[in-house]
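Please look over the sequence and the model shown below before reading on. The briefing that follows takes up sheets, helix packing and individual residues in turn.

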Amino acid sequence: MLVCVVLLLVTLCTQGGNGEDAQTPGHVSVVIVGGTGDLAKKYLWQGFFQLYVNHVSSGNTFSFYGGGLTPADKAKPVFFEILKAVNCPKDVSQERCALLKEQFLRLSEYQQLKTIEEYQGLSKHIEQQLQQEGLTEAGRLFYLSVPAFAYADIAEKINSSCRPTSGAWLRVVLEKPFGHDFRSAQVLASQLGSSLKDEEMYRIDHYLGKQVVAKILPFRIENKKFLDPIWNKHHIERVEIVLKETLDVKGRIPFYDQYGVIRDVLQNHLTEVMTLLTMRLPMNLSSSEEVLQNKLRIFSSILPIGKNQAVIGQYQEYTTQVQQELNKTKDHISIIPTFAAVLAHIDEAQFEGVPILLISGKKLDERVGYARIVFKNDIFCLQNHNSVHCKPKQIVFYFGHGSLQYPAILVSKNLFKPVSKDSEWKEVTEHKDVSIQGLPISDYYVQIPTEQREAYSELISYIFAGRKDSFISTENLLASWGMWTPLLSSIASSFPRIYPGGADNGDLLNVRLIGKEISYNSEVVIINNDRMGGTSANAFQVMQGQFRGADMVSAWAEELVERLAADLQGAAEKAVLESGVFHLALSGGATPLALFHRLALHHFSFPWRDTHVWMVDERCVPVTEFESNFQNLHDHLLQHVRIPYHNIHPMPVQLNERLCVEEDGGRLLYEKEIRKLVNGSSFHFVLLGVGYDSHTASLFPGSKTDKHGESLVALTESPVKPHQRMSLTFSAINRAHEVALLVMGKGKHELITQLSRVKDNPEKWPVTGVKPSDGRLVWYLDYDALLG
């Protein structure tokens, strides 16, 4: 059930998010969509009540409006039961607590909120109340605690009918998941961007509200004197970021079987912790923009993560639960992982060679979350092995639960004694008898929060204050998906290791690191053949055939990328042997990322020194922006291979401080460069993708491609933002010696089916205009795209 609740609050906007100055008291409408769901029931209403308690005595006036899809007569009882269940902070007296709760309920009202007319009605109701009471509106805050597929529609309704007026601000809070992969996240960001400004969106990752996680950067800054000499590859042995859970996902199967543990936990929670541990320290901790840029630098430095950098598992009862909750037959097999251990490396001098482990799973032996930095110990104790100098050196950011049961930062006493300039943290010296990561707690210096606070309550207070430093920006989101999407593609058809769950897992999930690769420590695991669904090795072979009169190669995603990478290297070696140079044109988008990672990680003999890399197309944005195809190519391939900088040819989309202006001549400059360096203007190899609308390069349906004539480069228009593009023309593409069309994913199955039936019509189906005149065209189709 979707519930919309409006909480009129007053905000004092602090610097750090938008750089807003503190405001005088005014009224803020907070709309929770999904207000009777599990998240709202467990955390959100408690968080907003906490906010009410904290600000009710500060001269603020509050009103609450509840709404949802369900008619009022059915929703009211559920709605008010949730509100009655909120709790007061410990320092509030029983009498005052009763009064606050009574006021909280009295200020609440339920309205059905479903159609655009009802959003308009809600806005009118708020404005009438403000007018009647002579109040000034400060802003409106919408909390979308609903499935992501509803975000774009709700955002459009907010934008068109429920925006505040008179200069009041708008804030819209979004819950994960923010997409399923890079492409879907990009589409969602574009859809939301048509209704909301980026500064109006607060993508929430509740891990950033955990007190220990929020303390990582301040801790590093406060202890900079001790950490600077040792926070590097010479002293750090490894970094572990772990979230273990004892529960299964029963009751969450419809969501979980679409996402799995990597999308659910690693792509967001653990990745954010990793960036906080490894990013360059900001000069100004309150500057969300500086923090973001330092995070993005880490994302751009992560070495490609492929199948050899991950192991996956699934608890034994999972498939049975899927069959029951999704009404599947007994022969249905799910290969969604419920456990994953991923090995990452950062390609920067500071952390070169330092393994970073990100691990999470369901039905493990304990519930605990932590980040652990293990330092090298250069002292060898010949006799007194219990000496403090011989014990492990480590810092543990302990998120909570486990044997300690509370959040803490622990520094082993053979490292240094940490300082804290934060009054909200304190050192504790008396502990219960527990062991943390192989050391008794008495061997640590321990810091804990003076008062434990729930993560959602913390983040709600940040939203109220206008702080954006603890939320996920569009650039941050897409950079993270860019890091994880190639791995997800490479393991899409991999079978996870089956584990029984709990203590019975034993050593089954132990992992071994060998160089830059990870594997399970035990090689042999007996798996019930029935779980394999009778799949034979033949089902995973690379198949060859014909598609639309051209050659076709098909396989599962990973095998397909391996084959394409091998074919690409073969073409390169042949060209270098014959002419001494290899001219390669690469397209943008998410599809080629897995190929880029394969080339960077496995093709060390690729003749990069003799290769010239050209762009098939480019968005008309500065090359430093995340939407830039060149930026994507640089981050995922070019910076990881040894290619002469003068062999790299980005499209000149920005000239004279303008983007893609015909009079600036960027198109002609690129064409002139091609004609000068590429023999006969014939690239040796062109890699293309195909969009859902059948566009290829940046040649879109409805484009009059015939008007390009013999031009090699054209300025084009995209139906989605950013609209302006620069692209190779069919004239340039069809001169190539070899053209590869790479199409992957179930989402492309309908398109491939249509393309198998239609005649050549480049205006309607642009990809049908790819017809190399003297070269070879090969379609590389994965089984998901080919078979659905």
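Two strands pair if DSSP finds at least two bridges between them, and helices (H or I, at least four residues) and strands (E, at least two) are DSSP runs, numbered from the N terminus. In that sense, alanine 714 stands opposite serine 727 in strand 32. The model is predicted, so to speak of local features requires pLDDT of at least 70, side-chain atom pairs count only at pLDDT 80 or more, and totals for chains, interfaces and linings use all residues. Residues are numbered from 1 along each chain as its sequence is written, and side-chain values use heavy atoms, with hydrogens and water left out.

**The three-stranded sheet**

- Strand 31 (713-717) and strand 32 (residues 724-728) pair in the antiparallel sense over five bridges.
- These strands belong to an open sheet of three strands in the order 26-32-31, with antiparallel pairing.
- Strand 26 (617-619) and strand 31 stand at the edges with a single partner strand each, so one side of each is left without a neighbour in the sheet.
- From one strand to the next, the twist of this sheet averages 20 degrees, where axes are lines fitted to C-alpha atoms, for helices over the stretch in contact, and angles run from 0 to 180 degrees between N-to-C directions.
- Helix 17 (residues 666-677) packs on this sheet and touches strand 31 and strand 32, contact meaning heavy atoms within 4.5 Å; the direction of helix 17 makes about 145 degrees with that of strand 31.

- Ten strands form an open sheet with mixed pairing, in the order 15-18-14-13-12-8-11-10-9-19.
- Strand 15 (425-428) and strand 19 (497-499) stand at its edges, and each has a single partner strand, so one side of each is left without a neighbour in the sheet.
- The twist in this sheet averages 15 degrees from one strand to the next.
- Strand 14 (residues 408-412) and strand 18 (residues 444-449) run antiparallel and are joined by four bridges, and glutamine 447 in strand 18 is the bridge partner of isoleucine 409.
- Helix 7 (residues 211-222) packs on the sheet, where it touches strand 13 (393-401), strand 14, strand 15 and strand 18, and the direction of helix 7 makes about 150 degrees with that of strand 13.
- Helix 9 (residues 253-278) lies across strand 8 (236-244), strand 10 (339-344), strand 11 (356-361), strand 12 (368-375) and strand 13, and runs at about 145 degrees to strand 11.

**Helix-helix packing**

- Helix 9 also packs with helix 13 (residues 474-490) at an angle of about 125 degrees, the two axes being 11 Å apart.
- That angle makes helix 9 oblique to helix 13, given that angles under 35 degrees count as roughly parallel, over 145 as roughly antiparallel, 65 to 115 as roughly perpendicular and the rest as oblique.
- Residues of helix 9 including Ile262, Leu266 and Met274 meet residues of helix 13, among them Leu477, Trp481 and Trp484.
- The contact of helix 9 with helix 13 divides into nine nonpolar, four polar and two charged residues, where Ala, Val, Leu, Ile, Met, Phe, Trp, Tyr, Cys and Pro count as nonpolar, Asp, Glu, Lys and Arg as charged, and the others, Gly among them, as polar.
- Helix 1 (residues 38-55) and helix 12 (residues 455-465) have axes that come within 9 Å and cross at roughly 55 degrees, and the two helices are therefore oblique to each other.
- In this contact, residues of helix 1 including Tyr43, Phe48 and Leu51 meet Tyr456, Ser457, Ile460, Ser461 and Phe464 in helix 12.
- By class, the contact of helix 1 with helix 12 has eight nonpolar, six polar and no charged residues.

- Five of the five residues of strand 3 (residues 64-68) are buried, so the strand is largely enclosed by the rest of the structure; buried means under 20% relative accessible area, exposed over 50% and partly exposed in between (1.4 Å probe, protein chains only).
- Phe64, Gly66 and Gly68 point one way from strand 3, whereas Tyr65 and Gly67 point the other way.
- Strand 3 pairs with strand 4 (residues 108-112) in the parallel sense over five bridges, and serine 108 in strand 4 is the bridge partner of phenylalanine 64.

**Two loop residues**

- Serine 195, in the loop between helix 6 (182-193) and strand 7 (201-204), is buried with a relative accessible area of 8%.
- Leaving aside neighbours within four places in sequence, serine 195 is in contact with Ala155, Glu156, Asn159 and Arg163.
- Tyrosine 692, in the loop between strand 30 (685-689) and strand 31, is partly exposed with a relative accessible area of 45%.
- Not counting residues up to four places away in sequence, tyrosine 692 touches Arg183, Gly747, Lys748 and Leu751.
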